[in-house]
Amino acid sequence: MSVLDRKHTIAAPGFSRWMVPPAALCIHLCIGQAYAFSVFNLPMTKLLGITQSTPDDWKLTELGWIFSIAIFFLGASAAVLGRWVEEGGPRRAMFTSALCFGGGFLVSAVGVRLHELWIIYLGYGVLGGIGLGLGYISPVSTLIKWFPDRPGMATGMAIMGFGGAAFIASPLSVWLMAMFSTPTHIGVAEAFVVLGIVYTLFMLVGAVIVRIPAPGWTPAGYVAPAQPKKLVTDKHVYVYQALKTPQFWLIWWVLCLNVTAGIGVIGQASAMSQEMFPGQVTAIAAAGFVGLMSLFNMVGRFFWASTSDIIGRKNTYFCFFAIGAVLYALVPHTGTIGSVTAFVLCFLVIISMYGGGFATVPAYLKDMFGTRYVGAIHGWLITAWSMAGIFGPVLVNYIREYQIDQGVPKAQAYNVTMYVMAGLLVIGFLCNLFIQAVDARHHMRDEPAEASAMAD
Amino acid sequence: MANQHSTGTRPLHLFLAWGFVGIPLAWGVLQTLSNAMKLFQ
């Protein structure tokens, strides 16, 4: 469809660049629903038994695979289809993402109705996961091109939406299930249908709004720095050439280690707070703590990415790793002195930097590899997230289990984990330290004017 | 080419676009905050 083509997405004179962040948020506020998918897990274990699980009902362990498959396909599609997204333009990618993500819900509704789990794996897991990957990277390079003066803030806004989407999805999903449930039926399939339609329409609004700047466009009053910073290039690196540079893999490890340190404790935050402070933190208070962490995860994305425009990307990651390592090392001490406030403060700052790591990395890539293929390169980098998503929780869970098996009291079972996390952040600090400007031999040669215009 | 676009979009378009994404997000944040307050009760 030609209306989806890149050339039909070029902004007409008079278009405000401030229309682009809401377009990006239309996508990210929907696909970030993945963080809230777990609200369906428990109801889906009772689809046949209604009040309690029967032997034919699905097990939680089987249902856990839906999210894992979706995250795997998020990483895989972002990596494999990144170049297609970059060259086809944001509207085509957002449109496809909307159909895949919304379609994933509709296919899953069929799976729930027929009680066939493999259909849900295929629907939300594969199709939805591809929608997640395409949607996640689709607005990144567009935002960077519209905001050359504040690329961190611009991508931070979109990726903040991904972190905040669960705030909407979680209560909305619970409300929809309650509305469609009867004493003899749990309304998961109906909730999936409504969410599929609503998310598709919401994302399509983003695809309609989004525009790319005309070739050579610059914001009013913006003058590119005459003396570029050492780590900021005005050249471009081709996506597959970027994968051959040590800089890409150092940033890959920087992201992977930052995410591993954060993701491991996100899943354990509720249990950890109750076990480290028995009698002081109730289950309800722990749920509040988890909510507060989600909020700081979201706000940190915008705050740290915007800060990186001022202090630089490398320094921002130095902050994450240095402050994070110190705070992780302090957490066991907060348990020893019984200070819930200090414990909460430590984790809120840590989790803000976890979110900040996601939001700052597109601008880091833009600094190192230029804007031409930054979306596609970002797609490949997301595999670091998939890797961390596997190792983070496994690391935390196994260390805790080992500690308890060794007779360590539950209140102290997380101490070693905290020191391991601090250690990982120190390694991340070193990876960040080694990042230097990309060698000129990796830069793309000057393109013909027409190709260059298409690229912009 | 200098900027020739940054003043033409109608304020109503901007208001609608930001409201479209901002209102659901604000609603979700308020829901979360009200739950989080239980931590301090």
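Q: Which residues in α1(A) meet α8(A)?
A: This is a predicted model, where local features need pLDDT of at least 70, side-chain atom pairs count only at pLDDT 80 or more, and totals for chains, interfaces and linings use all residues. Numbering runs from 1 along each chain as its sequence is written, with chains lettered from A in the order written. From α1(A), A:P21, A:A24, A:L25, A:H28, A:L29, A:C30 and A:I31 take part. Their partners in α8(A) include A:M157, A:F162 and A:I168. Contact means C-beta atoms, placed from the backbone, within 7 Å.

Q: How many are nonpolar, polar and charged?
A: 13 nonpolar, three polar and no charged. Ala, Val, Leu, Ile, Met, Phe, Trp, Tyr, Cys and Pro count as nonpolar, Asp, Glu, Lys and Arg as charged, the others, Gly among them, as polar.

Q: At what angle do the axes of α1 and α8 of chain A cross?
A: Roughly 35°, and the axes come within 7 Å. Axes are lines fitted to C-alpha atoms over the stretch in contact, with angles from 0 to 180 degrees between N-to-C directions. Helix α1 is residues 20–31 and helix α8 is residues 151–180.

Q: Switching topic: how many residues of chain B are in contact with chain A?
A: 26, against 32 residues of chain A. The chain B side has 14 nonpolar, eleven polar and one charged.

Q: What is the secondary structure of chain B?
A: One helix and zero strands. These are DSSP runs: H or I of at least four residues for helices, E of at least two for strands, numbered from the N terminus.

Q: What is the mean pLDDT of chain A?
A: 90, with 97% of chain A's residues at 70 or more. pLDDT is the predictor's confidence in each residue, from 0 to 100. Over residues 448–456 of chain A the value is below 50.

Methods. Two residues are in contact if their C-beta atoms, placed from the backbone, lie within 7 Å.
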